[in-house]
Amino acid sequence: MRRSITLYLTLFFIITSITVQALQRENPRPQMSEKQVNEWYKQWGWLRGCNFQPSTAVNQLEMWQKETFDVVTIDRELKWASDMGLNCMRVYLHHLVWVNDKDGFKDRIREYLSISDKYGISTIFVFFDDCWNARYTAGKQPEPKPGVHNSGWVRDPGDLLFEDTTMVSKTLEPYVKDILTSFKGDKRIVFWDLYNEAGNSGYKNKSLPLLKQVFQWAQTIDPSQPLSSGIWGGSTPEMKAFLLANSDIITYHNYRDSISHQKEIDELKKYHRPLICTEYMNRRDKSTFEKIMPMLKANNVGAINWGFVAGKTNTIFAWDQPIADGSEPALWFHDILRKDGTPFRQEEVDLIKKLTGKTFTLPPGTVIHNSKASTHRYVGSPSITVLEDGTYIASHDYFGKGRISDAFVYRSLDKGQTWTRCASIERLCWATLFTRGKELYLFGVRPKGGGGFGDCVIMKSLDGGYTWTQPTDKNNGLLFEGFYHTAPVPVVFHGGRIWRAMEDRVKVDGWGNFRAFMLSAKEKSDLLKAENWIMTNKMDFDGSWLEGASAWLEGNAVVAKDNSMKNILRVHYPADDKAAVMDVSKDGKKISFDPQKGFADLPGACKKFTVRYDELTKKYWTLSNYVLPEDRGGNVERIRNTIALSWSDDLINWHVKDILLHDKDINRHGFQYVDWLIEGNDIIAVSRTAWDDETGQADNQHNANYLTFLRFINFRDKK
């Protein structure tokens, strides 16, 4: 009997526990507490931005459909937003895109978030909307009507909500829950705006049931981000009461003058929740940046105006004042910039920058990654290669605070205009990217200590950089154990072998005393097997060869015109402009150096450089940190504010052809460790770049906080 009672009680508690857990999953979460949501708000600081629609999209469908998803425009325009100090964009989704292409839609959302995050911009996604056109279809969207505000914008779900009784359960609920489940923990999303202007277009309380349902669905999913829906001028009393009782943060729209707007802020502050104005700014009705944005900042209210770049939405025209011939109005209704990035009013942009504290611009080129300067986690070891299908691949590691040994890989499908991170790899640094047919490799060091020195390893990817082998043993990429050093330097195919230069540090920490050597393997061998690689002897640098010089490092494998293999190394030399050219035997077993003939006059050669040969000109080329005469006088090894393009016929005598990039700040700005390739008439490159970002200045020119992509067009024609 006791056993029966014990068994019964055990089963009772198990069933009760399972039932409670199930109810917890199914029951909607309550509104976040005032304390909880105000603590959340503190981490974001002052949110400021725009309702974002790329200028090439007439509506939500044209923005998100696969055929018209314009990453180039999105990237360009979000960069402009970042340059102004904007840090948050409100972006509309649409259920019809999800219906037709669920996985593709979510992939494009991820791509958008990757781009926006690159520029330090967070996102507010909007699900439903009761504004503008009631009907919509998938596919090609209508062209904008000349002079008509938002002529192509569509509601979601629109009139179909009242015509199809199954739409809510069969489509809208699964859509909302799928998107929320997929992104419920994404820290790039500030909060979810569940319904824009519910009850607009004459719907009034007809929209209330869907408003209540979307909150219930979202609360059931329980995302980490807060939930809200905006109060607006047409909110019915029932809707307003519901929104105040259910929104975690209070959002609202106000297009009126500053006096009316301040009254609404004062009224909403009584609820002791964060306030974000998710729509404001129409110049005609005195809702201007000059009057409203400073007021919002002073009240610690988020400021999200309508419109950014004038485009197909036609929101430079007023809601109710179309211009039949489509000519530009003298006073824009919404929007800040023209399609070329120039402002409608420069004084507005100046004010926005002043309010946002945006005292910097992004570095030259395209930002692939920004490790905020305040983190003191520095970007190192940039490398680039191109796959057979034309995809660009870039990589970097970190040094400074925290782990120095993780590597990260990025892909670009549009010739370097936009980039997406595809892999992170633990315990890999100083790695070079290269390809062999369809195989993609990373060749570097698995560090053992804080200095980064460690085992020589190689890793392979067969899916374009998404997944990689691990160097577990001598049959899987662990080539040589020890304390090796290198940088992203060329991997060269020559004489039936693959060549790569490295150095042996011998011990785990410190700097200097790098023993140079060359590695090689048969071109068609299994590159992951250690037995297929041979190593030359190792050579120390002798300071007596060049007075003042103390080390050589970061060697380049280069084929000379006599078909011999060379190792061209950076020389740590206070006067700069000297490289060392070592000789490598044909069989790859011996390396040697003639100090009488082996020093080359290479501009900027006391910093890392990459040498490549160009078949078209029959010349060797390099990009290096040559120090201009006006910048000399200090420690030239730490002056990295210039990228010079130089050439040579013989690897010994080098000539500066052009200065490709220069900044006057020698202390805080640097373009360094540039890895590059020739692509047609251009050079494509990646740089470890030190520059200002939203958290402040880089520590110094050496401690880079950006990975940037650069294209130097028609390099052979430079002056």
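Good morning. Please keep in mind throughout that the structure shown is a predicted model.

I shall begin with the overall layout. The chain is divided into domain 1, covering 35–356, and domain 2, covering 366–712. Taken over C-alpha atoms, the centres of domain 1 and domain 2 are separated by 45 Å.

Let us now turn to the interface. How many residues of each domain are in contact with the other? On the side of domain 1 there are nine, and they touch 12 residues of domain 2.

The size of an interface is often given as the accessible area lost when the parts come together. Between domain 1 and domain 2, the buried area is about 750 Å², and carbon and sulfur atoms give 50% of that area. Which residues of domain 1 lose the most area to domain 2? They are Val72, Ser114 and Lys118, which together account for 54% of what the side of domain 1 buries.

Next, I consider the polar interactions. One residue pair is counted in polar contact between domain 1 and domain 2, with both residues at pLDDT 80 or more.

Finally, I come to the elements that form the side of domain 1 touching domain 2. Helix H4 (71–83) and helix H6 (102–118) each supply at least two residues to that side. H6 gives the most, with four residues. By type, the residues on this side of domain 1 comprise four nonpolar, two polar and three charged.

Thank you for your attention.

Notes
Residues numbered from 1 in each chain as written. Predicted model: local features only at pLDDT ≥ 70, side-chain atom pairs only at ≥ 80, totals over all residues. Heavy atoms only, no water. Domains from an automatic or database assignment. Contact = heavy atoms within 4.5 Å. Buried area = accessible area lost by both parts, 1.4 Å probe. Polar contact = N/O pair within 3.5 Å; in protein donor to acceptor, adjacent residues only side chain to side chain. Nonpolar A, V, L, I, M, F, W, Y, C, P; charged D, E, K, R; others polar.
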